[in-house]
Amino acid sequence: MSVTRYTKMAYDCADDMVFGTAKSPVAYGFGLKIGAGHVIPEINYAPRPGTEKDPEKLRKEYVDFITKDILDRAITAGFPDVQLETEWVSQMNQAKLSAPVVAGQQEMCEKYHEEYGLNCGTRQTVPDQREADHGLRSGMDSVHGYPEKLFECCDIACENGCNNLSIESVGGKEFADYAVTNGDIVAFLFGVGYLGSIDMTWLWQQMSDIARKNKCVAGGDTNCSGANVSMFMAGGMMDQDVQRTFSAVTRAISAARTLCAWEAGAIGPDKDCGYEGVIVKAIAGKPTTQEGKNCQCAHCDLQGNLIAQCCDLWSNESVEYHPEFGGTSVQCWLGTIGYEASS
């Protein structure tokens, strides 16, 4: 896949950047149109511990429970659109665990679209389990077999019908960890802004090819492994581990890295935990996913409404599947982001 570098901003005026509308909308799944005029809720979830030990238990958890609960609540509440994001647990790097989940979710989404007219689809976020000590390139890791297994995960997801292929890649993390704990902004710039961008470009050229070959949309990435670590350690008003100004600068640096996915063939939307999405949307004009006040189930967020200013998908970040008074966790948190997106 060829690389096209951005050399100018997509928007001439900041006032033109609004939520729900992107210069380059993306359509996929069963009627989903991202950035085409309204914000769509994206519900993210995790299976209960232990279900990953058996393929059938995991499939049932993701498909019969989580997916069905989400789609049922969307119909009950009258939401016209919903996107599901399955962030693969690490054990899903094998087809016997992941393939039935992806295929089952697609089958159920298609059923609800046909029977109820619900616009829906799935984002499959495959795991990047590469370790820098063993090498990040093909043929280097003789112990764990990465990144070859990573690309196998992409094949599994796309071949079984996923609508949007995404990842939270780790290139540059070994520098980012040192930089954040030592307050070294130059190290972060080199590790994430430079080396991380090189790795992202290499990785996404291949992921984009896999997605295109299978008629799947290549979505995007995030610097969760770097800038989010910095953000969490900067924390709130009681935390002093990392300066908040330092954290803000690392987020700006991470935008250059996240943008590389779109330069290497992905078309969006990017990942919810990439708070740098506002920056990359301004440059590329592609839809962005954001999380803010409605992701308290995953972490304390200080951005609140501010980060929603130009989002196209609005996410809860993630929640473990379990019962709550108002239904299951995925139903309750879909309600919070769904009504927020509809208001």
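Modeller: Buried means under 20% relative accessible area, exposed means over 50%, and partly exposed is in between, with a 1.4 Å probe and protein chains only. This is a predicted model, where local features need pLDDT of at least 70, side-chain atom pairs count only at pLDDT 80 or more, and totals for chains, interfaces and linings use all residues. Residues are numbered from 1 along each chain as its sequence is written, and side-chain values use heavy atoms, leaving out hydrogens and water.

Biologist: Does Glu-317 count as buried or exposed?

Modeller: Glu-317 sits in the loop between S9 and strand S10 (323-324); helices (H or I, at least four residues) and strands (E, at least two) are DSSP runs, numbered from the N terminus. Its phi is near 75 degrees, positive in a residue other than glycine. The relative accessibility of Glu-317 is 14%, so the residue counts as buried.

Biologist: And Lys-215, buried or exposed?

Modeller: Lys-215 is in the loop between H5 and strand S7 (217-218). Phi is positive for Lys-215 too, near 55 degrees, and the residue is not glycine. Relative accessibility is 79%, so Lys-215 counts as exposed.

Biologist: Which residues form a nonpolar patch on the surface?

Modeller: Patches take residues with over 30% relative accessible area and no salt bridge, joining like charges within 9 Å and nonpolar side chains (Val, Leu, Ile, Met, Phe, Trp, Tyr) within 5 Å. Tyr-194 of helix H5 (residues 185-213) is partly exposed at 48% relative accessible area. The patch has about 300 Å² of accessible area together, by the Shrake-Rupley method with a 1.4 Å probe and, for residues, only the protein chains shown as cover. Its members are Phe-190, Tyr-194 and Ile-198.

Biologist: Which backbone nitrogen does the side chain of Ser-208 reach?

Modeller: Ser-208 also lies in helix H5, and it is buried at a relative accessible area of 3%. A polar contact is a pair of N or O atoms within 3.5 Å; within protein, one must be able to donate a hydrogen and the other to accept it, and residues adjacent in sequence count only if both atoms are side-chain atoms. A polar side-chain atom of Ser-208 lies 2.8 Å from the backbone oxygen of Trp-204. At 3.3 Å, the side chain reaches the backbone nitrogen of Ala-266.

Biologist: How far apart are the end C-alpha atoms of helix H3?

Modeller: The expected span is 1.5 Å times one less than the number of residues. Helix H3 (residues 148-159) has 12 residues, so it should span 16 Å. The model agrees, with the end C-alpha atoms apart by 16 Å.

Biologist: What covers the buried residues of H3?

Modeller: Those buried residues are Leu-150, Phe-151, Cys-153, Cys-154, Ile-156, Ala-157 and Cys-158. Contact means heavy atoms within 4.5 Å. The cover includes helix H2 (95-116), strand S5 (119-126), strand S6 (164-167) and H5.

Biologist: How many salt bridges does the structure hold?

Modeller: Side chains of opposite charge can pair when their charged atoms come close. The test is a side-chain nitrogen of Lys or Arg within 4 Å of a carboxyl oxygen of Asp or Glu. The number of salt bridges in the structure is 18.

Biologist: At what N to O value do the side chains of Glu-61 and Arg-48 meet?

Modeller: Glu-61 is buried at 2% relative accessible area, while Arg-48 is partly exposed at 31%. The side chains form a salt bridge, with N to O at 2.7 Å.

Biologist: Which helix holds Lys-281, the partner of Asp-312?

Modeller: The side chains of Asp-312 and Lys-281 meet in a salt bridge at 3.0 Å, N to O. Asp-312 lies in the loop between strand S8 (289-291) and strand S9 (313-315), so the pair ties together parts 31 residues apart in sequence. Asp-312 counts as buried at 0% relative accessibility, and so does Lys-281 at 0%. The helix that holds Lys-281 is H8.

Biologist: What is the C-alpha to C-alpha value between Ile-283 and Thr-7?

Modeller: Ile-283 is in helix H8 (residues 277-284). Not counting residues up to four places away in sequence, Ile-283 touches Tyr-6, Lys-8, Met-9, Ala-10 and Leu-259. Ile-283 and Thr-7 are 276 residues apart in sequence, but in space the value is 8.5 Å.
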